[in-house]
Amino acid sequence: MNQIFTAFEGQRRLASGPLAEVALAVKRAGQTVEPIAIFCDRTGRAVDLDLRGSDDEILARLPTSVPSSEAPELPPSEPRGRGRPKLGVVAREVTLLPRHWEWLNAQPGGASVALRKLVDEARRLSGDRDRQRAARDAAYHFMSAMAGNLPKFEDASRALFADDRRRFVSEIADWPPDIRDHVVKLAYSDRAD
């Protein structure tokens with residue numbers, strides 16, 4: 001899945017799209033009066049890029065993916081654990097009470113299969129809620145960086161976390177249009193009106 005990034009020159013949206021397109025658009029913008037910030041739309045967090053050199057040099061330095069702040073990667077210097085790395089299976093430690101281990105081990109396929117099934121079921125049941133939380137968090141991270149000192153920021157934050165879309169949109173109505181529109185897109189684009 002291609003991640004979308006958005007660059008802002010001050011309070012004006014400069015470019016939006018895949019990271020390579022946004023990076024080159026920022027480079028072509030050259031020296032600007034306002035500072036330029038690039039945000040990952042999935043997380044709402046700013047990303048730093050080295051935009052020196054030719055287009056090919058810039059593209060070669062771009063990260064292949066922006067790491068999630070929720071799942072830290074294991075350092076590459078650590079030895080590989082058990083599992084099926086070609087399938088993406090990663091061995092990690094899980095701490096449970098003895099009664100949990102007893103139940104897991106009694107399940108068909110053992111503890112690993114039972115845990116995978118439980119996680120898949122929980123993801124299926126809480127998928128919408130998880131997507132809404134991720135969208136809210138992305139909107140808040142972006143808001144904090146771009147609108148933290150704008151009027152009604154605190155009231156807008158409360159409305160965002162209360163999931164009160166009508167009040168949220170009302171609180172940010174006087175914000176610069178590009179910032180206002182982008183934060184609404186981050187918070188609510190995957191939901192019906």
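Mentor: Two strands pair if DSSP finds at least two bridges between them. Keep in mind that this model is predicted.

Trainee: How many bridges join S3 to strand S4?

Mentor: S3 and strand S4 (residues 46-47) are joined by 2 bridges, and they run antiparallel. Across this pairing, Phe-39 stands opposite Ala-46 in S4.

Trainee: Which residue takes a positive phi in the hairpin of S3 and S4?

Mentor: Gly-44 does, with a phi near 75 degrees; the hairpin has 5 residues between the strands.

Trainee: Which strand do 5 bridges join to strand S1?

Mentor: Strand S3 (residues 36-40) is joined to strand S1 (residues 5-9) by 5 bridges, and these two run antiparallel. For Phe-5, the bridge partner in S3 is Cys-40.

Trainee: Now the helices. What describes two packed helices?

Mentor: The angle between their axes and the distance between the axes. Here, helix H4 (residues 110-147) packs with helix H7 (residues 177-188) at about 160 degrees, and the axes lie 7 Å apart. Angles over 145 degrees count as roughly antiparallel, and H4 and H7 are therefore roughly antiparallel to each other. Their crossing is right-handed.

Trainee: Which residues in H4 meet residues in H7?

Mentor: From H4 they are Ala-135, Ala-138, Ala-139, Phe-142, Met-143, Met-146 and Ala-147; in H7 they meet Ile-179, His-182, Val-183, Leu-186 and Ala-187. By class, this contact of H4 with H7 has 11 nonpolar residues, 1 polar residue and no charged residues.

How values were computed
Residues numbered from 1 in each chain as written. Predicted model: local features only at pLDDT ≥ 70, side-chain atom pairs only at ≥ 80, totals over all residues. Heavy atoms only, no water. Axes fitted to C-alpha atoms, helices over the stretch in contact; angles between N-to-C directions. Helix = DSSP H or I, 4+ residues; strand = E, 2+ residues; numbered from the N terminus. Parallel < 35°, antiparallel > 145°, perpendicular 65-115°, else oblique. Left-handed = near helix turned anticlockwise from the far one by under 90°. Contact = heavy atoms within 4.5 Å. Nonpolar A, V, L, I, M, F, W, Y, C, P; charged D, E, K, R; others polar.
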